[in-house]
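Hello,

Here is the structure I promised to pass on. My notes follow below it.

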Amino acid sequence: MTLDNLLVEHALLAIWATQAGYSGGKNFPALEKQLDKNSVAISKAIGSVYGAAAGKQFLDGKNRWRAHIAYFVNYPVALAKKDTAGQKKAVANLMTYIQVQAAFFAKATGLPKQALVNDLTAHVLQLKGQLDAYAAGNYKQSYTLADGAYNRMSMTGGLPASAIAKQ
């Protein structure tokens with residue numbers, strides 16, 4: 001599977017997982033496990049181009065890929081508990097992750113960091129927005145935003161994927 005396809009799969013799994021995390025769905029552990037399998041596959045795709053060390057650096061560590069998954073899990077749990085401090089902390093952590101991940105991809109691909117920051121920010125805010133709408137019972141808006149997040153991820157994933165392919 002190509003990197004952009006893996007990233008699109010990530011967006012879909014993240015949408016399902018955040019909604020299940022918010023609602024306390026019994027499917028949440030299975031989604032979380034599948035999201036991690038997807039994360040490992042993405043890191044292997046990165047590693048196939050830049051080496052195993054780069055794949056590991058992408059995946060693990062402070063404010064890296066797996067950390068951002070945890071931040072997205074923390075947000076719906078805090079939202080369900082009406083824990084505004086927890087929500088703010090999760091969002092702040094996601095904003096830090098964006099900077100770290102954009103720097104990683106900018107260094108690896110030569111793409112401008114700010115373009116990557118802008119794209120990752122839009123992705124994070126769409127996923128957050130779909131969950132906020134879901135939590136408010138506005139399912140039409142939630143699924144409109146989910147559709148946008150899914151479609152946007154092909155652009156978000158395509159940005160580094162096309163730069164990597166050119167290398």
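This is a predicted model: local features need pLDDT of at least 70, side-chain atom pairs count only at pLDDT 80 or more; totals for chains, interfaces and linings use all residues.

Ile-98 is buried, because its relative accessible area is 0%, and the cut-off for buried is under 20%. Ile-98 sits in helix α5, residues 84–109. Leaving aside residues up to four places away in sequence, Ile-98 touches Val-117, Leu-120, Thr-121 and Val-124. Gly-137 is 39 residues from Ile-98 along the chain, and their C-alpha atoms are 28 Å apart.

Next, the salt bridges. The count comes to five. One of them pairs Arg-66 with Asp-36, with the closest N and O atoms 2.7 Å apart. Arg-66 belongs to helix α4 (residues 65–80) and Asp-36 to helix α2, so this pair ties together parts 30 residues apart in sequence. Arg-66 is partly exposed, at 30% relative accessibility. Asp-36 is also partly exposed, at 30%.

Asp-60 forms a salt bridge with Lys-56 at 3.1 Å, N to O. Lys-56 counts as exposed at 52% relative accessibility, whereas Asp-60 is partly exposed at 26%. Asp-60 also bridges to Arg-66, the closest N and O atoms being 3.0 Å apart.

Last, helix α2. It covers residues 28–50, and its 23 residues should span 33 Å at 1.5 Å a residue. The end C-alpha atoms are 32 Å apart, which agrees. Buried residues in α2 include Phe-28, Leu-31, Leu-35, Ile-42 and Ile-46. Just after α2, Gly-51 takes a positive phi of about 100 degrees.

Best wishes

Note on methods:
Residues are numbered from 1 along each chain as its sequence is written. Side-chain values use heavy atoms; hydrogens and water are left out. Helices (H or I, at least four residues) and strands (E, at least two) are DSSP runs, numbered from the N terminus. The expected span of a helix is 1.5 Å times one less than its number of residues. Buried means under 20% relative accessible area, exposed over 50%, partly exposed in between (1.4 Å probe, protein chains only). Contact means heavy atoms within 4.5 Å. A salt bridge is a side-chain nitrogen of Lys or Arg within 4 Å of a carboxyl oxygen of Asp or Glu.
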